[in-house]
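Here is a short briefing to read with the structure open beside you. Take the topics in any order you like.

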Amino acid sequence: MAAAPEPGEPGKGKPFKLLGILDVESIPCARDSILYGSLGSVVAGLGHFLLTSRIRRSCDVGVGGFILVTLGCWFHCRYNYAKLRIQERIAREGIKNKILYESTHLDPERKQTNGGSGGST
């Protein structure tokens with residue numbers, strides 16, 4: 001019995017490409033941005049139609065809603081993604097330095113026994 005592929009595993013099936021060029025599965029944040037943009041398009045277009053009953057203007061509002069919501073979600077997600085990558089890089093460098101300087105005279109956690117003049121005993 002074959003196991004079902006995990007949803008996040010790349011390369012298991014045919015990739016979904018938007019407009020034939022944008023590979024939604026391999027680009028971080030693309031999938032969520034497109035999904036939220038399409039939902040924003042439906043909400044904006046339908047809401048405008050219910051308020052005004054103008055079909056053509058409601059379609060224009062729907063397209064505008066798609067663009068605004070997609071770009072808003074895209075920039076928000078990419079900002080958080082970049083911030084996370086920077087934090088990971090800082091943590092990776094800290095772990096590398098901890099391993100490199102452990103038990104040496106450059107170790108900041110090592111107690112200085114031959115330090116300066118302390119108090120009188």
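A residue counts as buried when its relative accessible area is under 20%, as exposed when it is over 50%, and as partly exposed in between. Cys-77, with a relative accessible area of 23%, is therefore partly exposed. Please keep in mind that this is a predicted model.

**The cysteines**

- How many disulfides are there? The count comes to one.
- That disulfide joins Cys-29 to Cys-77, with an S to S distance of 2.0 Å.
- The link of Cys-29 and Cys-77 is left-handed, with -70° about the S-S bond.
- Cys-29 sits in the loop between strand S2 (22-23) and helix H1 (30-52), while Cys-77 belongs to helix H2, so the pair ties together parts that are 48 residues apart in sequence.
- Cys-29 has a relative accessibility of 12%, and because buried means under 20%, Cys-29 counts as buried.
- Cys-73 is partly exposed, with a relative accessible area of 23%.
- Cys-59 is also in the partly exposed class, at 48%.

**Helix H1**

- Does the span of H1 agree or disagree with what its 23 residues should give? At 1.5 Å a residue, H1 should span 33 Å, and its end C-alpha atoms are 32 Å apart, which agrees.
- The buried residues of H1 are Ala-30, Ser-33, Gly-37, Gly-40 and Gly-45.
- Helix H2 is included in what covers these buried residues of H1.
- Just after H1 comes Ser-53, which takes a positive phi of about 60°.

- Ser-58 lies in helix H2, which runs over residues 55-101.
- Is Ser-58 buried or exposed? Its relative accessible area is 5%, so Ser-58 is buried.
- A polar atom of the Ser-58 side chain lies 2.6 Å from the backbone oxygen of Arg-54.
- Setting aside neighbours within four places in sequence, Ser-58 is in contact with Gly-45, His-48, Phe-49 and Thr-52.

- Phe-49 lies in helix H1.
- Its relative accessible area is 33%, so Phe-49 is partly exposed.
- Which residues does Phe-49 touch, leaving aside neighbours within four places in sequence? Phe-49 is in contact with Arg-54, Ile-55 and Ser-58.
- The C-alpha atoms of Phe-49 and Gly-62 are separated by 9.6 Å, and these two residues are 13 residues apart along the chain.

**The salt bridge**

- The structure holds one salt bridge.
- Asp-32 forms this salt bridge with Arg-31, and their closest N and O atoms are 3.7 Å apart.
- Asp-32 counts as partly exposed, at 38% relative accessibility.
- Arg-31 has 53% relative accessibility, and because the cut-off for exposed is over 50%, Arg-31 counts as exposed.

Key:
Residues are numbered from 1 along each chain as its sequence is written. This is a predicted model: local features need pLDDT of at least 70, side-chain atom pairs count only at pLDDT 80 or more; totals for chains, interfaces and linings use all residues. Side-chain values use heavy atoms; hydrogens and water are left out. Helices (H or I, at least four residues) and strands (E, at least two) are DSSP runs, numbered from the N terminus. Buried means under 20% relative accessible area, exposed over 50%, partly exposed in between (1.4 Å probe, protein chains only). A polar contact is a pair of N or O atoms within 3.5 Å; within protein, one must be able to donate a hydrogen and the other to accept it, and residues adjacent in sequence count only if both atoms are side-chain atoms. Contact means heavy atoms within 4.5 Å. A disulfide is a pair of cysteine sulfur atoms within 2.5 Å. A salt bridge is a side-chain nitrogen of Lys or Arg within 4 Å of a carboxyl oxygen of Asp or Glu. The expected span of a helix is 1.5 Å times one less than its number of residues.
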